[in-house]
Amino acid sequence: MKDQAMKHLTASEQVTDCAELINAVGLHARPSVKLTQLAKIFDCRVEIALSADGPWVDAKSPVKVMRVKAPRGAILHVRTSGEGARGAVDALMALVRGGFGEAMDEQADQSHG
Amino acid sequence: MANVGIVIVSHSPKIAEGAADMVRQMVGDSVNLAFTGGDPGGGLGTGVASIREAIDRAWSEAGVAILVDLGGAETNSEMAVEMLDAERRGRVVVCNAPIVEGAVMAATEASGGSSLETVRRTAEELSPP
């Protein structure tokens with residue numbers, strides 16, 4: 001799985017990981033809010049991107065995350081650095097892999113945003 | 001520390017209520033939230049007194065951010081703020097942002113414990129100058 005491919009820990013305590021968006025709507029309105037709220041819990045720097053090369057976006061900024069608008073099937077990359085970087089990556093990856101707690105069935109869930 | 005509260009002021013009570021529903025369902029209940037809109041006769045409008053009451057309902061020691069729609073919603077909100085005690089007046093801001101998106105973004109920022117100024121900046125980031 002591509003899920004595990006990017007996991008590594010550098011000397012500067014930067015952690016990256018990635019996972020496919022599996023929920024029906026991808027990173028749209030409600031998932032964006034959930035991701036931002038979760039990122040804000042952590043003191044470390046938290047960024048997301050749709051490519052390992054960036055551009056990286058501050059995951060604690062509701063407006064910037066909302067503008068990412070990634071569809072289902074896109075690979076979401078998460079990069080954290082600083083105190084608690086590993087815990088933050090793990091928490092965000094759990095949210096993404098859990099489909100943001102939303103429906104996975106595209107046909108049954110066109111109304112979500 | 002308390003989270004910044006959010007007040008939604010629309011000419012339409014349905015828009016005010018609907019925007020508040022979106023905040024509650026998307027952001028949750030970790031921020032104080034109040035909404036007001038419409039005139040007593042059931043028409044469109046906003047009133048200074050009802051905006052003041054909404055500010056009281058959403059009050060937080062961290063302050064209150066107000067999201068408005070058009071014209072009178074903004075001027076009446078500014079008047080309502082002017083009428084607050086001096087101690088509270090400095091902790092209420094009217095955001096220059098679209099009402100629905102601004103309310104959701106402001107509440108998301110507020111739910112993380114951000115300051116009033118950060119909450120306002122996030123809402124206003126939606127409409128660059």
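Biologist: Where is K69(A) found?

Modeller: K69(A) is found in the loop between helix 2 (62–66) and strand 5 (75–81) of chain A, where helices (H or I, at least four residues) and strands (E, at least two) are DSSP runs numbered from the N terminus. This is a predicted model, in which local features need pLDDT of at least 70 and side-chain atom pairs count only at pLDDT 80 or more, while totals for chains, interfaces and linings use all residues. Residues are numbered from 1 along each chain as its sequence is written, and chains are lettered from A and ligands numbered from 1 in the order in which they are written.

Biologist: And what is phi of K69(A) near?

Modeller: Phi of K69(A) is near 45 degrees, which is a positive value in a residue other than glycine.

Biologist: Why does K69(A) count as partly exposed?

Modeller: K69(A) counts as partly exposed because it has 13 C-beta neighbours inside 10 Å. A residue is buried if 20 or more other C-beta atoms lie within 10 Å of its own, exposed if 12 or fewer, and partly exposed in between, with the C-beta atoms placed from the backbone.

Biologist: What about F100(A), is that one buried or exposed?

Modeller: F100(A) is buried, because 24 other C-beta atoms lie within 10 Å. Its place is in the segment after helix 3 (85–97) of chain A, and phi of F100(A) is near 60 degrees, again a positive value in a residue other than glycine.

Biologist: Changing topic, which peptide bond is cis?

Modeller: The peptide bond from G54(A) to P55(A) is cis, with omega near 5 degrees, and P55(A) sits in the loop between strand 3 (45–49) and strand 4 (57–58) of chain A.

Biologist: How many helices and strands does chain A come to?

Modeller: Chain A has 3 helices and 5 strands, and along the sequence they follow the pattern β-β-α-β-β-α-β-α. Of the 113 residues of chain A, 40% count as buried.
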